[in-house]
Amino acid sequence: MSLLLQLKDLRKSLGGRPLLDIASFEIEEGSSLVLSGRNGAGKSTLLKIIAGLEAPDRLAVVYRGRTWPWRLARRILQRDVIYLHQHPYMFDQSVEENIAYGLRHARTPRSEVRARVSQALDWAGLKHLANKNARRLSGGEKQRVALTRARVLCPRLLLLDEPFASMDLESREQTLFFIRRLKGEGISTIVTTHEPNVAKTLGDQHLHLCKTGPSRFTMVEPFLYDRTGRKVPLAAKGNLETMTSPSELVPPPHPSNDIDPAGTAAVPIPDITGVILAGGRGRRMGGQDKGLLEIDGSPLIMRTIEILKPQVGRLVVNANRNLERYRDLGFPVVQDVVGDFFGPLVGMASALEATTTPYLLTAPCDSPLLPADLCARLYNALKRGDAEISVAHDGTRMQPVFALLRRELLPDLLSYLENGGRKIDTWYAEHRFALADFSDRPKAFFNINTPEEWTALKEGKDDR
């Protein structure tokens with residue numbers, strides 16, 4: 001396939017705040033691209049920019065091999081690209097007149113309008129509705145009319161903004177069918193959706209708008225890739241084929257906001273695997289591997305090991321560099337399963353894949369002051385709240401990387417990563433979670449992020 005459209009150096013702000021920051025975005029002739037991203041990520045804004053309906057702050061457009069500045073490309077895009085809103089507008093006229101609207105607006109000869117509209121009605125299976133008022137149609141029927149109204153204009157690129165919103169299963173399947181037919185006719189499509197399965201069903205390519213800074217979103221590849229960059233099917237990873245699929249998970253109730261007090265429930269230590277997260281870049285420490293910084297002649301991670309080892313049945317280390325040095329500590333080393341340095345949530349998913357115990361306890365390598373009852377309090381909070389995840393709370397704020405997770409969450413977490421998710425608190429909010437009270441130990445979660453904090457620890461100013 002040849003390249004149809006490429007956007008270069010796209011910048012867009014709303015209300016003076018940066019929204020989109022995309023170095024390059026492209027779509028090929030006759031291809032279907034699925035675009036995901038949470039509400040507010042700028043999906044609709046991006047589609048409107050591509051359609052020439054909204055101006056960016058900065059953009060260069062390469063269209064069919066020729067580069068244009070935005071002000072000149074805009075008219076070409078408005079001619080060859082059609083944007084469909086998730087709730088398509090229907091004129092207070094018949095289905096036939098709605099489909100004919102664009103042709104009449106373009107002053108197409110009447111005889112040609114009649115012929116093209118008749119063919120379009122046959123194509124969409126809408127002959128029986130031709131004389132019905134379009135505003136009285138069902139949501140799925142309106143979407144079919146909108147697709148047909150766009151197709152009859154012979155666009156090169158069709159942009160569908162959340163076309164499956166609030167559709168029943170039958171209407172959704174019909175819409176998918178017609179989008180695939182458009183692709184078969186050589187019309188490129190971009191479809192925005194919140195449904196991860198649509199990407200597998202429809203798209204030649206799946207991209208995700210992901211937050212990378214204050215009010216700024218950029219384009220990333222979905223995350224479920226092996227270390228060579230090759231996409232790996234979910235069923236091929238670990239033992240996922242025997243587990244509950246994400247689509248079978250029951251939507252959880254709203255998470256508890258109560259801070260559970262520590263209890264006395266017996267902790268099933270053999271059922272818990274602990275993971276020490278040491279897979280970061282250490283940027284604020286000048287790129288140093290924080291877990292291997294020495295204190296009193298031993299690597300920093302040893303303090304965390306000494307505290308966590310008695311609390312769990314098995315201990316592993318998540319790391320992406322200096323692997324042999326970590327292995328020399330005597331514990332299994334698990335690398336990130338979806339690339340390097342994508343954040344602690346990927347480290348958690350990697351550890352969940354590497355263990356078979358019902359629970360996973362997580363803690364970072366740079367927090368040497370952990371309490372000896374970390375696991376007990378987290379387990380107690382989990383049980384009290386009938387939760388899927390329990391998270392430490394220091395009395396002021398949640399400490400998200402100090403958590404206890406049920407292993408059955410793995411398929412859902414991989415699906416979240418597959419769709420570009422990175423934020424721990426966002427994923428937690430999708431599940432039943434409880435907060436474990438550590439307000440009596442607020443210094444327990446002290447961690448090393450800067451050279452100054454490292455110096456304070458070595459000099460004994462860590463307020464233990």
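**Entry 1: salt bridges.** I started with Asp9 and Arg58, whose side chains meet in a salt bridge at 3.0 Å, N to O. The two ends come from distant parts of the chain, with Asp9 in strand S1 (residues 3–14) and Arg58 in strand S4 (residues 58–63), 49 residues apart. My criterion for a salt bridge is a side-chain nitrogen of Lys or Arg within 4 Å of a carboxyl oxygen of Asp or Glu. Helices (H or I, at least four residues) and strands (E, at least two) are DSSP runs, numbered from the N terminus.

A note on what I am looking at: this is a predicted model, so local features need pLDDT of at least 70 and side-chain atom pairs count only at pLDDT 80 or more, while totals for chains, interfaces and linings use all residues. Residues are numbered from 1 along each chain as its sequence is written, and side-chain values use heavy atoms, with hydrogens and water left out.

Buried or exposed, or in between, for this pair? Asp9 is partly exposed at 29% relative accessible area, and Arg58 is partly exposed too, at 45%. For the record, buried means under 20% relative accessible area, exposed over 50%, and partly exposed in between (1.4 Å probe, protein chains only).

In total, the structure holds 15 salt bridges.

Next I looked up Arg116, which forms a salt bridge with Glu112, closest N and O atoms 2.8 Å apart. Both residues lie in helix H4, four residues apart, about one turn of the helix. Arg116 counts as partly exposed at 24%, and Glu112 does at 33%.

The last one I wrote down is Asp373 with Arg377, closest N and O atoms 2.8 Å apart. Here Asp373 counts as partly exposed at 28%, but Arg377 is buried at 10%.

**Entry 2: helix H5.** How far does H5 reach from its first C-alpha to its last? With 13 residues, H5 reaches 18 Å, close to the 18 Å expected at 1.5 Å a residue. The expected span is 1.5 Å times one less than the number of residues.

I checked burial next: 10 of the 13 residues of H5 are buried, so the helix is largely enclosed by the rest of the structure. Among the buried ones I noted three arginines, Arg144, Arg149 and Arg151, along with Val145, Ala146 and Leu147. The cover over the buried residues of H5 includes strand S6 (81–84), helix H3 (95–105), H4, strand S7 (157–161) and helix H6 (169–184). Contact here means heavy atoms within 4.5 Å.

**Entry 3: rings.** I searched the whole structure and got eight aromatic pairs. In one of them, the rings of Trp123 and Phe178 have centres 5.2 Å apart and planes at 50°, so I logged the pair as tilted. Trp123 is in helix H4 and Phe178 in helix H6, so the pair ties together parts that are 55 residues apart in sequence. Both Trp123 and Phe178 are buried. Trp427 and Tyr428 make another tilted pair, 6.0 Å centre to centre with 45° between the planes. Trp427 is buried at 0%, and Tyr428 is also buried at 0%.

The ring criteria: rings of Phe, Tyr and Trp (its six-membered ring) pair if their centres lie within 6.5 Å, with planes under 30 degrees apart stacked, over 60 edge-to-face and the rest tilted.

I also found Tyr89, Phe91 and Tyr101 linked by ring pairs into a cluster.

**Entry 4: Asn133.** This residue sits in the loop between helix H4 (110–124) and helix H5 (139–151). Asn133 is buried at 18% relative accessible area. A polar atom of its side chain lies 2.9 Å from the backbone nitrogen of Arg135. Setting aside neighbours within four places in sequence, Asn133 is in contact with Phe91, Asp92, Gln93 and Ser94. Phe91 was already in my notes, from the ring cluster with Tyr89 and Tyr101.

**Entry 5: whole chain.** I counted 14 helices and 20 strands. Of the 464 residues, 54% count as buried.

Conventions: Polar contact = N/O pair within 3.5 Å; in protein donor to acceptor, adjacent residues only side chain to side chain.
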